[in-house]
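Please look over the structure shown below, with attention to its charged side-chain pairs and to one strand residue.

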Amino acid sequence: MKNLLILILSIFIFIGCSTKNQNAQIKNFSSFKTKIEKLNLQVESLSNTIDKKEAQSFAYDAIKYSKQLAKEYKVITPALVHNTLINMNIKKRGLCYHYANDLLKYLKQKDFKSFKFIKVIANRGEYFEHTSIALTTKNIKFEDSIILDAWRDTGDLYFSKVKDDKRYKWEIK
């Protein structure tokens, strides 16, 4: 019994992809709206070829759908606990690549014309490998693309330019 307890505690400590303890619900509409505006401005600033209506629609959809995914996955925070439950076959979805794949599929069906999405990876082949997606467009460097990480903060979409993300060193998958 003691060995089983040690094993369970070890699993909670060492299962990959940690995150902040966040609620997937929209609790504060004002902060939700502010976040949409920040993402919208960041997307528009990538290039003068970005359609402003598409950027605005994208920002709303990406932030809202990330929260929806956390709700659908019935996420238990912190992510270490949720990841452990998935690895024990108690939960089915909610790992970083689930968020990346589902968000990518959703965004691609929107058929945005002035930007595209690519899968990205950090710590490739390592224990704490992490998958996400990036928004990019023609004539910009990968480092200037925008990371869209729905997993990191449990459905509260994290975004920044690739070069500004201090937590991960991203590469194209």
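Arg124 counts as partly exposed, at 42% relative accessibility, where buried means under 20% relative accessible area, exposed over 50%, and partly exposed in between (1.4 Å probe, protein chains only). This is a predicted model, in which local features need pLDDT of at least 70 and side-chain atom pairs count only at pLDDT 80 or more, while totals for chains, interfaces and linings use all residues. Residues are numbered from 1 along each chain as its sequence is written, and side-chain values use heavy atoms, with hydrogens and water left out.

**Salt bridges**

- The count comes to ten salt bridges, each being a side-chain nitrogen of Lys or Arg within 4 Å of a carboxyl oxygen of Asp or Glu.
- Glu171 forms a salt bridge with Arg124, with the closest N and O atoms 2.9 Å apart.
- Because Glu171 lies in strand β5 (residues 170–172) and Arg124 in the loop between β1 (116–122) and β2, this pair ties together parts that are 47 residues apart in sequence; helices (H or I, at least four residues) and strands (E, at least two) are DSSP runs, numbered from the N terminus.
- Glu171 is itself partly exposed, with a relative accessible area of 34%.
- Arg152 and Asp149, both buried, form a salt bridge whose closest N and O atoms are 3.1 Å apart.
- Salt bridges with shared partners join Lys35, Lys67 and Asp156 into one network.

**Thr131**

- Thr131, placed in strand β2 (residues 130–136), is buried, with a relative accessible area of 4%.
- Leaving aside neighbours within four places in sequence, Thr131 is in contact (heavy atoms within 4.5 Å) with residues including Cys96, Tyr97, Trp170 and Lys173.
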